[in-house]
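Student: Please take one part of this model and go through it closely. I would like the aromatic pairs first, then the residues around them.

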Amino acid sequence: AAIERLITRSVNGLQAGDYSPAQRRGAIGTVFALDPQLIEDGTYFAVDARDGAFAGCGGWSFRQKAHGGDAGTARIDPATDSARIRAFFVDPDFARRGVGSLIMQTCEAAARDAGFRSLELTATVTGEHLYARHGFVPERRYDIPLANGQGLPVILMRKPI
């Protein structure tokens with residue numbers, strides 16, 4: 001529940017300049033959602049802020065799913081595939097204080113330790129700047145279709161590790 005509250009606060013507080021209210025509503029709970037498989041796999045991290053709330057959260061995956069809360073279980077091969085960076089959200093009260101960078105560094109180290117040689121992610125327009133600072137390079141821009149008829153512009157980004 002605390003992570004779901006964080007996702008809603010993060011999306012509505014930090015992405016309002018890049019996405020319309022309809023796009024944000026259509027993406028929360030589908031594209032912008034926690035995948036419980038990340039928690040089960042032990043690859044999801046949260047930074048404790050106060051009183052059961054989190055300053056931020058995010059993870060990485062050795063599974064095929066690139067975004068959203070409905071995960072498949074198919075594993076990817078560290079020798080040929082990129083680990084997936086997934087479900088990064090920062091509370092607006094903690095934005096630009098190093099929370100996202102701390103989680104990214106943790107994810108990158110864990111993926112490298114698991115044998116991966118590269119990372120990929122589906123960045124929001126808002127998150128593209130953070131990921132570029134960490135060495136990710138944009139490869140393709142596209143829209144994710146949302147159930148409410150909206151499209152969500154995103155960027156596929158990759159990075160060697």
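Tutor: Helices here are DSSP runs of at least four residues, numbered from the N terminus. Ser101 is found in one of them, helix H4 (residues 99-113). Keep in mind that this is a predicted model.

Start with the aromatic pairs. A pair of aromatic rings is described by the distance of the centres and the angle of the planes. The count comes to 6 aromatic pairs. One of them joins Trp60 and Phe62. Their centres lie 6.0 Å apart, with 65° between the planes, and the pair is edge-to-face. Trp60 and Phe62 are both buried.

Next, Phe88 and Tyr131. Their ring centres are 6.1 Å apart. Planes over 60 degrees apart count as edge-to-face. The planes of Phe88 and Tyr131 stand at 75°, so this pair is edge-to-face. The pair links distant parts of the chain. Phe88 belongs to strand E3 (residues 83-90), Tyr131 to helix H5 (residues 128-133), and 43 residues separate them. How buried are the two partners? Buried means under 20% relative accessible area. Phe88 has a relative accessible area of 14%, so Phe88 is buried. Tyr131 has 9%, so Tyr131 is buried too.

Other rings group together. Tyr19, Phe32 and Phe89 form one aromatic cluster. A charge also meets a ring: the charged end of Arg140 sits over the ring of Tyr142, 4.2 Å from its centre.

Gly56 touches Phe89, and its other contacts beyond four places in sequence include Phe45, Val90 and Val99. Leu6, Ala46, Val47 and Ile103 are also among them. Gly56 lies in strand E2 (residues 53-61). Its relative accessibility is 0%, so Gly56 counts as buried. Gly98 is 42 residues from Gly56 along the chain, and their C-alpha atoms are separated by 9.9 Å.

Now back to Ser101 in helix H4. Which residues does Ser101 contact, leaving aside neighbours within four places in sequence? They are Leu130 and His134. His134 is 33 residues from Ser101 along the chain. The C-alpha atoms of Ser101 and His134 are separated by 7.9 Å. Their side chains are joined by a polar contact of 3.0 Å.

Key
Residues are numbered from 1 along each chain as its sequence is written. This is a predicted model: local features need pLDDT of at least 70, side-chain atom pairs count only at pLDDT 80 or more; totals for chains, interfaces and linings use all residues. Side-chain values use heavy atoms; hydrogens and water are left out. Rings of Phe, Tyr and Trp (its six-membered ring) pair if their centres lie within 6.5 Å; planes under 30 degrees apart count as stacked, over 60 as edge-to-face and the rest as tilted. Buried means under 20% relative accessible area, exposed over 50%, partly exposed in between (1.4 Å probe, protein chains only). Helices (H or I, at least four residues) and strands (E, at least two) are DSSP runs, numbered from the N terminus. A charge sits over a ring if NZ of Lys or CZ of Arg is within 6 Å of the ring centre and within 35 degrees of the ring normal. Contact means heavy atoms within 4.5 Å. A polar contact is a pair of N or O atoms within 3.5 Å; within protein, one must be able to donate a hydrogen and the other to accept it, and residues adjacent in sequence count only if both atoms are side-chain atoms.
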